Amino acid sequence: MQALWMVLASFWFALMAVGIKYASNSFGTFELVFYRGLVSIVFMGIVVRASGSTLRTPVPMMHVWRSTIGVVSLGSWFYAIAHLPLATAMTLNYMSGVWVAAFVVGGALLYGKEQPQGALLGTVLMGFVGVVMTLRPTIDQNQLFAGLIGLLSGLGAALAYMQVTALGKAGEPEERTVFYFSVGSAIVGAVGIAFTGFTPWSEVDWRDAAWVIPIGVLASMGQWCMTRAYRKGATLVVASMQYSGIVFGAVFSLALFGDQIPMIGWIGITIIVASGVLATVLRTRLLPHTPAEEH
């Protein structure tokens with residue numbers, strides 16, 4: 001049952017990505033980050049109040065660092081969604097699992113593990129082969145820069161993943177962590193708007209504007225479902241099911257946007273999914289208790 005919560009979370013995140021794809025026709029990346037954060041603040045504020053929790057935290061700087069990393073990842077992902085086929089942007093963001101494996105290989109001593117890392121290194125190399133194959137078709141479309149930004153979003157998500165781990169060990173409840181991440185998103189988005197400019201609502205297509213509120217709600221729902229899945233389910237099974245988000249993204253990419261991805265691109269996406277699942281299997285043996293990643 002808990003694996004189904006992860007599938008549902010992946011569906012909400014993929015649907016949020018659809019909203020970003022549409023809304024990006026009228027709004028800039030910083031505006032989308034701001035609106036996503038603002039709506040999520042209200043939504044998560046209600047959740048925190050309903051759960052009887054409090055927003056007072058003993059580790060404010062940990063939240064600042066987690067929010068900083070997370071917002072960089074979020075903004076990069078939104079940019080990639082706006083400029084790449086949806087399936088490609090989703091896949092590059094889900095490279096976070098492979099990035100974490102790379103960090104485990106490079107920092108094994110940090111985790112107190114001195115066992116051989118050869119198999120885990122193999123999944124990392126496999127993942128990057130998939131990236132090369134996935135980005136190859138975008139080079140012909142002059143979308144290489146957006147592809148690199150998408151890859152950065154996965155790297156940022158991996159760093160945020162480890163910071164969420166630290167917050168969990170510090171005893172911070174999930175809803176508080178998500179709330180402060182939303183606050184950080186709204187602040188960074190507002191600062192970015194000050195430099196890049198604000199799009200007057202009178203110039204916005206209502207079909208794009210209609211996605212502003214759903215984007216924040218869908219993101220919050222996805223995080224809630226993901227948290228529930230990790231809290232109750234087997235880590236390995238749940239973490240593997242997160243890659244269903246790539247499948248949902250591929251379906252939406254084809255059905256809603258008519259994105260054309262060459263066969264080599266689909267093979268690359270498949271390799272990335274396979275490497276991510278394998279990395280999760282091997283990583284779970286090293287780090288048996290791993291929490292949810294957030295978007």
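The pLDDT is the predictor's confidence in each residue, on a scale from 0 to 100. In this predicted model, the protein chain has a mean pLDDT of 82, and 82% of its residues reach 70 or more. Over residues 289-293, however, the pLDDT is below 50, although this stretch has 15 contacts in the model beyond near neighbours in sequence.

Two packed helices are described by the angle between their axes and the distance between the axes. For helix 3, which spans residues 60-83, and helix 4, which spans residues 86-93, the axes come within 8 Å and cross at roughly 160 degrees. Because angles over 145 degrees count as roughly antiparallel, helix 3 is roughly antiparallel to helix 4, and helix 3 passes helix 4 in a right-handed crossing. On the side of helix 3 the contact is formed by S73, W77, A80 and I81, which meet L86, A89, M90 and N93 in helix 4. Sorted by class, the residues in this contact of helix 3 with helix 4 comprise 6 nonpolar and 2 polar residues, with no charged residues.

Aromatic rings were considered next. A pair of aromatic rings is described by the distance of the centres and the angle of the planes. The count in this model comes to 12 aromatic pairs. In the pair of Y79 and F145, the ring centres lie 6.0 Å apart and the ring planes stand at 85 degrees, and the pair is therefore edge-to-face, since planes over 60 degrees apart are classed in this way. This pair links distant parts of the chain, with Y79 in helix 3 and F145 in helix 7 (residues 144-169), the two residues being 66 residues apart.

Conventions. Residues are numbered from 1 along each chain as its sequence is written. This is a predicted model: local features need pLDDT of at least 70, side-chain atom pairs count only at pLDDT 80 or more; totals for chains, interfaces and linings use all residues. Side-chain values use heavy atoms; hydrogens and water are left out. Contact means heavy atoms within 4.5 Å. Axes are lines fitted to C-alpha atoms, for helices over the stretch in contact, and angles run from 0 to 180 degrees between N-to-C directions. Helices (H or I, at least four residues) and strands (E, at least two) are DSSP runs, numbered from the N terminus. Angles under 35 degrees count as roughly parallel, over 145 as roughly antiparallel, 65 to 115 as roughly perpendicular and the rest as oblique. A crossing is left-handed if the near helix is turned anticlockwise from the far one by less than a right angle, and right-handed if clockwise. Ala, Val, Leu, Ile, Met, Phe, Trp, Tyr, Cys and Pro count as nonpolar, Asp, Glu, Lys and Arg as charged, and the others, Gly among them, as polar. Rings of Phe, Tyr and Trp (its six-membered ring) pair if their centres lie within 6.5 Å; planes under 30 degrees apart count as stacked, over 60 as edge-to-face and the rest as tilted.
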